[in-house]
Amino acid sequence: MKLHHVYGLAAILFATAGHAQAPFQKAEDAVKYRQSALSLMGTHFSRLGAMANGRVPFDAAVAQENAALVRTLSRLPWAGFTPDTQGLTTKAKPEVWRETERFQGASEKMQAAVAELDAAARTGDLNAIRKTFGDAAASCKACHDHFRR
Ligand code: ASC
C-alpha cells in the first residue's frame with residue numbers, strides 16, 4: 001500500500017469515527033441504546049443524590065467518579081431517538097419528534113446542568129454539589145414531564 005493510500009484510509013476512519021454509535025441496524029437497537037444510557041445515568045445520578053441528601057456519607061472521590069460518568073453518559077441517549085423508533089412501544093411520547101427544537105433544548109439544558117454538577121464535584125464542595133444536583137434533577141424532571149409517558 002502506498003503512503004498516500006494509508007493517509008487516505010486514515011482520513012476516512014477519522015471522518016466516520018464520530019458516527020460510530022449511529023445509525024443503528026434496527027430501530028430496536030436505537031431504543032436499547034438510549035434506554036441503556038438513561039438507565040446508567042439514573043444509577044450514577046442516584047449515587048450522587050444519596051450523598052447530596054445525606055442518605056450516605058459524603059465521599060468526594062466517589063462523588064467525582066459518579067459526576068464524571070453522568071456527564072459522559074448525558075451525551076449519549078439522544079442519538080437513539082431516531083425517527084424509525086416512533087412506532088415502537090416505549091415511554092417516549094410523540095412530542096419527542098413533533099417538538100424537536102424543544103426536545104433538543106431540554107437535552108442541552110440537562111447536559112449543561114450535568115456539566116455544572118461535574119464541575120462542582122471536582123471542587124469537592126458538598127454544598128456546591130447539593131445545589132447543582134438539584135438543578136440537574138430539575139432538568140431531568142422537566143424533560144420527563146413533557147416528553148415521557
Ligand atoms: C434520578 C432518575 C431520574 C431523575 C429524576 C429527577 O435519579 O433516575 O430520572 O433522578 O427523578 O427528578
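Reply: The lining of the largest pocket divides by class into 14 nonpolar, six polar and three charged residues (nonpolar: Ala, Val, Leu, Ile, Met, Phe, Trp, Tyr, Cys and Pro; charged: Asp, Glu, Lys and Arg; polar: the others, Gly among them). The model is predicted, so local features need pLDDT of at least 70 and side-chain atom pairs pLDDT 80 or more, while totals for chains, interfaces and linings use all residues. Residues are numbered from 1 along each chain as its sequence is written, and side-chain values use heavy atoms, without hydrogens and water.

The space in this pocket is about 520 Å³ (a pocket is an open set of points on a 1 Å grid over the protein atoms alone where a 1.4 Å probe fits, with protein on both sides within 12 Å along at least five of seven lines, and lining residues have an atom within 4 Å of a point; points are joined across faces, edges and corners, and the volume is that filled by probe spheres set on them). It has 23 lining residues, and those closest to its centre are Arg34, Leu38, Phe81, His144 and Arg148. Three helices each supply at least two residues of the lining: H2 (27-52), H5 (100-123) and H6 (126-147) (helices are DSSP runs of H or I, at least four residues, numbered from the N terminus). H2 gives the most, with six residues.

Arg34, one of the residues closest to the pocket centre, lies in helix H2. Arg34 counts as buried because its relative accessibility is 2% (buried is under 20% relative accessible area, exposed over 50%, partly exposed in between, with a 1.4 Å probe and protein chains only). Leaving aside neighbours within four places in sequence, the contacts of Arg34 are Pro77, Gly80, Phe81, Thr85, Thr90, Ala92 and Trp97 (contact: heavy atoms within 4.5 Å). One of these partners, Phe81, is itself among the residues closest to the centre of the largest pocket. The C-alpha atom of Arg34 is also 6.8 Å from that of Trp78, a residue 44 positions away along the chain.

The second largest pocket has about 150 Å³ of space. Its lining is made of Arg102, Ala106, Lys109, Ala113, Asp135, Ala138, Ser139, Ala142, Cys143, His146 and Phe147. By class these residues are six nonpolar, two polar and three charged.

The largest nonpolar core has 18 residues, of which Phe45, Leu48, Val70, Leu117, Ile129, Phe133 and Ala136 touch the most other members (a core is a set of buried Ala, Val, Leu, Ile, Met, Phe, Trp, Tyr and Cys residues joined through side-chain atoms within 4.5 Å). H2, helix H3 (60-73), H5 and H6 each give two or more residues to this core, and the largest share, six residues, comes from H5. Another core lies apart from it and has eight residues, including Ala92, Trp97, Phe103 and Phe147. Ala92 and Trp97 are also contacts of Arg34, and Phe147 is in the lining of the second largest pocket.

With a relative accessible area of 3%, Asp118 is buried. Residues up to four places away in sequence not counted, Asp118 touches Ala67, Ala68 and Arg71.

The loop between H2 and H3 gives two further points of reference. Gly54 is in this loop and counts as exposed at 51% relative accessibility. Its C-alpha atom is 9.8 Å from that of Arg130, which is 76 residues away in sequence. Val56 is in the loop between H2 and H3 as well, but counts as partly exposed, with 35% relative accessibility. Apart from neighbours within four places in sequence, Val56 is in contact with Ala50 and Met51.

For the chain as a whole, the secondary structure is six helices and zero strands. Of its 149 residues, 33% are buried. Among contacts with a separation of 6 or more, 74% join residues 24 or more positions apart.
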